[in-house]
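Here's a protein chain to explore, one piece at a time. Take a look at the sequence and the 3D picture, then read on.

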Amino acid sequence: MLALRLARGTHPLVLLRRLLVTAAAAGTGFLVLAALGHAAAHPATAGDSLARLLWCAAPLAATAQLAVSVARTDPAARLQRGMAAAGLGPFRLTLLAATSTALFCALGVLLSLIVFLALRGDLGTAASGTGSRAIDSGLLGAGHPLPWIGALMLISVIPLTAAVATAFSLRPRTEAGAVDTDTPSTTEAPSGLPWGVALAAAGLAIEAYTSPAAGTAGGLLPLSGRLIGSPPGVLAGWALAAIGLVLAGPGLVYLSGQLLCAGRPGALRLLSGRVLQEESHRLGRPLGVLCAVASGVYAAGVLHQAAPSRPLGPFTAIGAAVVLACVTVSALSSALESRAARARSTATLRRLGASAFVLHRATALRVTTLVLVLGPLTWTVAEMATLPLVH
């Protein structure tokens, strides 16, 4: 009840971010239900149905990451003065944030269930347009009974996963008997850059070794609605390369700050570089995920151009849209969280005479540096991932 009351009184921008979590949960729930509908309509192809269901793991992980990012920037999840006296300590605030996340995700999966049943014609409505074409092709398993227990269990995984991820991310940290809910700022260099580079190189090597020659059957990653039939070594190599980018994200952000501070930096470069170094732990992981997804999308586009006879399936488009939207909003939410964490330092700079124009220039310099460092790296990984498949 308290979570619902807080949701009613939240700021419109905060409510918009929560609604984005609802939309992401709805898209993921629809993909899960579509995989279940295909399994009900084609019981003989269990492997195909299982592959469809496993491909839903990427939108599920992206939805959980978005839910965590939104929960971290939610003002209701922060320990404020007077909350402990009212019985809302760090542990209860974490439970409140997880409950709010579960409620918004449950709303999303409920909407996805209604849309799914409407497109199948189970609600007595006549499907038209895109939905009618999907039913005619049998992608939703129309005309076959849907296992309700299995459907409810599968879609309940989405709010449960998001709630558990939120609770784990916002769990109170105990140090020397004191409870602290905020991660302290640090300028220490992240230690994941060598491991990330090693994993990315190993993934590209595995993909190059296991990929079939160009032009052979099964040599291209199929981009139809099924998204199956790809060589296991290629998928494993892509996964390792993506994990490597995620692990290397904090180190790359810290390296960007070091580049700005190199030589004899002026006040603007020094300020921008120090901020990147301090915020590398907070910004690095979401930016690494964004780079990994962008690399995968670029590589998928190249492979689709190499095999234009394989059309982009509707479920592939939905899954890609969910993942792209989630990782982009997660990166923006992390940037907002970083800005909120620097609010006191920014106020101090303003009192010392720094103008708003100088602070805006420092922000633009940080963004430009990150683009110049992360952009070519993402493009290089994507190109190296596609070379064994198209040449």
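## The second largest pocket

Helix 14 gives the largest share of the lining of the second largest pocket, 11 residues. Helices here (H or I, at least four residues) and strands (E, at least two) are DSSP runs, numbered from the N terminus. What you're looking at is a predicted model, where local features need pLDDT of at least 70, side-chain atom pairs count only at pLDDT 80 or more, and totals for chains, interfaces and linings use all residues. Residues are numbered from 1 along each chain as its sequence is written, and side-chain values use heavy atoms, with hydrogens and water left out.

The pocket holds about 1100 Å³ of space, and 37 residues line it. Ala 335, Arg 342, Thr 363, Arg 366 and Val 367 are the ones that lie nearest its centre. Two or more lining residues come from each of helix 10 (267-278), helix 11, helix 12 (314-341), helix 13 (343-351) and helix 14 (356-390). By class, the lining has 22 nonpolar, 8 polar and 7 charged residues. (Ala, Val, Leu, Ile, Met, Phe, Trp, Tyr, Cys and Pro count as nonpolar, Asp, Glu, Lys and Arg as charged, and the others, Gly among them, as polar.)

## How the spaces are found

Rolling a probe the size of a water molecule over the atoms shows where empty space is left. On a 1 Å grid over the protein atoms alone, a cavity is a set of points where a 1.4 Å probe fits but cannot get out, while a pocket is an open set with protein on both sides within 12 Å along at least five of seven lines; lining residues have an atom within 4 Å of a point. Grid points are joined across faces, edges and corners, and a volume is the space filled by probe spheres set on the points.

Searching the whole structure turns up 3 cavities of 30 Å³ or more. The second largest cavity has a volume of about 40 Å³, and its lining includes Leu 245, Gly 249, Cys 291 and Leu 374. Helix 9 (232-261) and helix 11 (280-306) are the elements that give two or more residues to that lining. The lining splits into 6 nonpolar, 3 polar and no charged residues.

## Two buried residues

Ala 299 sits in helix 11. Is Ala 299 buried or exposed? It counts as buried, because its relative accessibility is 2% (buried means under 20% relative accessible area, exposed over 50%, partly exposed in between, with a 1.4 Å probe and protein chains only). Leaving out residues up to four places away in sequence, Ala 299 touches Trp 238, Ala 382 and Thr 386, where contact means heavy atoms within 4.5 Å. Its C-alpha is 6.9 Å from that of Glu 383, 84 residues apart along the chain.

Leu 33, found in helix 2 (residues 12-41), counts as buried too, at 0% relative accessibility. Leu 33 touches Ser 112, Leu 113, Phe 116, Ala 151 and Ile 155, again not counting residues up to four places away.

## Helix 4 and the whole chain

Why is helix 4 called largely enclosed by the rest of the structure? Because 12 of its 16 residues are buried, among them Pro 59, Leu 60 and Ala 71.

Zooming out, the chain has 14 helices and 2 strands, and buried residues make up 43% of its 391 residues. Of the contacts between residues at least 6 apart in sequence, 81% join residues at least 24 apart.
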